[in-house]
Amino acid sequence: KALALDPDDAWAHDNKGYILLAQGRHDEAVPEYERALVLDPSFADADVGLGWVHLGLGEFNKSAEYFDKGIRVSPYDRGLPYWYGGKAWANFGLKRYDQAIDLARQAIAINPNIAHIHVNLVAALALTDHDAEAREALQRYLAPSTASFRTIAAWKAHLRSLAPKLGGDPRFVEMSERVYDGLR
């Protein structure tokens, strides 16, 4: 309805992109986010939306670039921990584990209650032979009883629930396997 009323509403295009992304329709989400950015080049949410799209498509370099742009455009945004977390995942996908660790720690410092960022941090620490730090990070994450994913099986089930939405991209699947290795 919003787009019918005003086809040049950046917010409406961004929201349509978000809905398409949530439905796993990544290719259809891209032009909506891009249109939002044409209409408002400083619309950080649209940049970040493209970051999530390209992460799910296994296009980790592009993903990191969009998260970077969103962070630059809106450095005090309330979504910042998610954006740093997304960029951490993109770096994990690129096997740049040290950067993934730094970014995950930045995200956790802002908001320690985002489960997938802890998963990223623990796996990246383990894969860089920082076993003691990985165990400590895991214990900090598991300390509150509200931790979303308490086992590798729970994390795998979560990713399997997203897999149809992610299209089963081989690069994303390979990254997920590295996460499991790190968590083990």
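How are helix 6 and helix 7 oriented to each other? They are roughly antiparallel (an angle over 145 degrees).

This is a predicted model, where local features need pLDDT of at least 70 and side-chain atom pairs count only at pLDDT 80 or more, while totals for chains, interfaces and linings use all residues. Residues are numbered from 1 along each chain as its sequence is written, and side-chain values use heavy atoms, leaving out hydrogens and water.

**View 1. Helix 6 packs against helix 7.** Residues 80–93 form helix 6 and residues 97–110 form helix 7 (DSSP runs of H or I, at least four residues). Their axes sit 8 Å apart at an angle of about 165° (lines fitted to C-alpha atoms over the stretch in contact, angles from 0 to 180 degrees between N-to-C directions).

**View 2. Residues at the contact of helix 6 with helix 7.** Look for Leu-80, Tyr-84 and Phe-92 among those from helix 6, and Tyr-97, Leu-103 and Ile-110 among those from helix 7 (contact is heavy atoms within 4.5 Å).

**View 3. The largest nonpolar core.** Helix 8 (115–127) is one of the elements that give two or more residues, and its nine residues are the largest share.

**View 4. Around Trp-155.** Not counting residues up to four places away in sequence, Trp-155 touches Trp-89, His-116, Val-119, Phe-149, Val-179, Tyr-180 and Leu-183.

**View 5. A second, separate core.** This one has 13 residues, including Leu-20, Leu-37, Ala-46 and Val-53.

Definitions and conventions:
Angles under 35 degrees count as roughly parallel, over 145 as roughly antiparallel, 65 to 115 as roughly perpendicular and the rest as oblique. A nonpolar core is a set of buried Ala, Val, Leu, Ile, Met, Phe, Trp, Tyr and Cys residues joined through side-chain atoms within 4.5 Å. Buried means under 20% relative accessible area, exposed over 50%, partly exposed in between (1.4 Å probe, protein chains only).
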